[in-house]
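Good morning, colleagues. Please have the structure in view as I speak.

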Amino acid sequence: MTDIRDADHIERRTLLAAGAAGAALAALPALPALAQATTQATTPSPAGSVFGAETFTLANGMKGVVIPMSRAPVVAHMVWYRVGAADETTGQSGLAHFLEHLMFKGTTTLPAGQFSRRVAREGGRDNAFTGHDYTAYFQQVAADRLPLVMGMEADRMTNLLLDEKDIAPERLVVIEERRQVVDNNPRSRFRERLQNAFFVNHPYGRPIIGWESEIRAITRDNLLAFYRQHYRPSNAILVVQGAADTEAVRRMAEDTYGRVTGGPAPERARPQEPPPLGTRRVTVRDARVREPSLSRMYPAPSARADQGVADALDVAAHVLGSGPSSILWKALVDSGLAASTGAWYGGDTVDQTEFALSAAPRPGVAPERVEAALDETIAKAVQAEVAGEQVESAIRQLTAGAAFARDSLMGGARTIGAALTVGLPIESVEAWPTRIRTVTPERVTAALRAVLKEEGSITGWLLPAEGNRS
Ligand SMILES: [Zn+2]
C-alpha cells in the first residue's frame, strides 16, 4: 500500500500534546483488573469511571478491553503490542517501526498489500503506529465486520511471511518517510538530537523511526526474530470501543486470537538512566529556521514509578505552561520577551521520562535574555508556593477534557491501550479525573521542586543560520 499512515510513529510528545490541546485524554495515563484470572467472566468497570471499560483475559494470556459505546453501529478495533523502539537491540534502531510497515504485507493466507484493501472494501479504514513503548494496529469498521478484522489481525499476529521481495521496497518507503518527517523538518531534526542527548543510556534517546544507516542495515533475520519474540498473544492487548457487547467480543476473541499460540510475554529489561549529573546544551543552526526556539528538559518519574507525583506533574505542567494565565506566559510573553511558551509532561511511559519547557523569543529579542528570564521564572516558581487558585483552575480545565474523551470513537481505546502497554492499571485512566481533583497546591509545589533541578537538565536551542538572525 502507498497510503500515508498518518498516525505513524507517533511519539509520546505528539500523543500527549494532542491530548492537552483538546481534552486531556491522551495525558490520562490506564490494568489491575486485567491481572486477574484467565478466561473467567469479564470484569465490569467500577462506577464513576471515565470510559466504563470491561476486561477479560484469554487462556493464552491475551488481554481484552471493551469500551461499550452504542451511539453509532461502528467499532474501533485495536491490537497493542508491548513492544516499541525502546525494546530494539542497539544498532537496529527503526526495527519496531519497519516491522509495523511490513505487517501490512503478505501472510500465509492473505497476499501482500491486501490487508488495507480488504478493510477499505468493507467500508472501513485502518492504520498503525509505533512508539518507544508500544506498537498498535487499528481498524474502524461497521460493528458487524468486527469478527472479520479480528480474524485478519489474529492471522498477521502469527502468519506473517516477511518476504524479501516485500522488505526491499518497504525499506525505501521507510527511508523516504524519515526524510519527510525528520530530515526535511528542522524542528523534528532538532528534537531528535535533543532527545538523543537528553537520555544518557536509555533507548528513549533513540529515534523511533531509526537512524538511516541502521534502517538500511536491518536484515530479514532481524525482523523475523523480533516478530517471533514480541508478536504473541501474551504480549498483546485487544481493545474494542464502540457498538459491541463485552461477552460477544470475548467469544469472538476466543475464536480468533484464542487460537494463536506463543510463549510467555518477554521481559522488558532496558538499560536505565544513571543518576543525573551536570547540565548539557544542544545548539542546532538551520538555514530553514527563521525564529529561534528554546527547549528545556528535566528528568521526571513516570506514572508507573509514582502515580501521585505524575498527577501533580500533570497539573504542574498546566499551571506553568498552558495558556495566557500560566506562569511562563505571564513572565515571558506579557513582558514582551517571548512570542509563546509551553510546558509538557508525559507520564505514560515504561521508564523514566521528561518534564519539558519551551519558549520562542519575540523577533529582535536576544535568545540569551529569554533563557535568563526562563531560569529566573523557574527559580521563583520553585521558591514560592504555587497559588491555590492557579491549581484549581488547572484542575477544572484538565478534568473538563475528560468529559469529552467519551465522545471520540478512538479516544478511550487509544488512552487505555497506551496505558496498559506501559504497565499502568486501567484505573490509572478510569479514575484519572477523580485523582486529579485531589491534587493540592502543596503537591504541585513539591513536584516542581523535585523535578526542576539543574542537575540532569538539558537546554536546547534551534537557531537560524549564522548571519540570518532576525
Ligand atoms: Zn511509518
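Let me begin with a pair of helices. In this predicted model, α10 and α13 are roughly perpendicular to each other, because an angle from 65 to 115 degrees counts as such. The angle between them is about 105 degrees, and their axes lie 9 Å apart. On the α10 side, the contact is formed by Asp314, Val315, His318 and Val319, and on the α13 side by Gln390, Val391, Ala394, Ile395, Gln397 and Leu398. By class, six of these contact residues are nonpolar, three are polar and one is charged.

I turn now to α13 itself. This helix covers residues 388-405, 18 residues in total. From its first C-alpha to its last it reaches 26 Å, close to the 26 Å expected at 1.5 Å a residue.

Which residues of α13 are buried? They are Val391, Ala394, Ile395, Leu398, Ala402 and Ala405. Viewed down the axis of α13, these buried residues fall within an arc of 100 degrees, so they line one face of the helix. The face turned away from that buried side carries Glu389, Arg396, Ala400 and Ala403, which are exposed. The cover over the buried residues of α13 includes α10 (307-321), α14 (411-421), α16 (432-436) and α17 (441-451).

Two members of that cover, α10 and α17, also pack against each other, at an angle of about 90 degrees and with their axes 8 Å apart. These two helices are therefore roughly perpendicular to each other as well. From α10, the contact draws on Val309, Ala312, Leu313, Val315, Ala316 and Val319; from α17, it draws on Arg443, Val444, Ala447, Leu448, Ala450 and Val451. The contact of α10 with α17 comprises 11 nonpolar residues, no polar ones and one charged one.

Elsewhere in the chain, I would draw your attention to α5, residues 164-183. At 1.5 Å a residue, its 20 residues should span 28 Å, and the end C-alpha atoms are 27 Å apart, which agrees. Val174, Arg178 and Val182 of α5 are buried. Among the elements covering the buried residues of α5 are α2 (95-102), α6 (186-198) and α7 (212-217).

Finally, the chain as a whole. Its secondary structure amounts to 17 helices and 11 strands. Of its 470 residues, 49% count as buried.

Key. Residues are numbered from 1 along each chain as its sequence is written. This is a predicted model: local features need pLDDT of at least 70, side-chain atom pairs count only at pLDDT 80 or more; totals for chains, interfaces and linings use all residues. Helices (H or I, at least four residues) and strands (E, at least two) are DSSP runs, numbered from the N terminus. The expected span of a helix is 1.5 Å times one less than its number of residues. A residue is buried if 20 or more other C-beta atoms lie within 10 Å of its own, exposed if 12 or fewer, and partly exposed in between; C-beta atoms are placed from the backbone. The arc is that of the directions from the helix axis to the C-beta atoms. Two residues are in contact if their C-beta atoms, placed from the backbone, lie within 7 Å. Axes are lines fitted to C-alpha atoms, for helices over the stretch in contact, and angles run from 0 to 180 degrees between N-to-C directions. Angles under 35 degrees count as roughly parallel, over 145 as roughly antiparallel, 65 to 115 as roughly perpendicular and the rest as oblique. Ala, Val, Leu, Ile, Met, Phe, Trp, Tyr, Cys and Pro count as nonpolar, Asp, Glu, Lys and Arg as charged, and the others, Gly among them, as polar.
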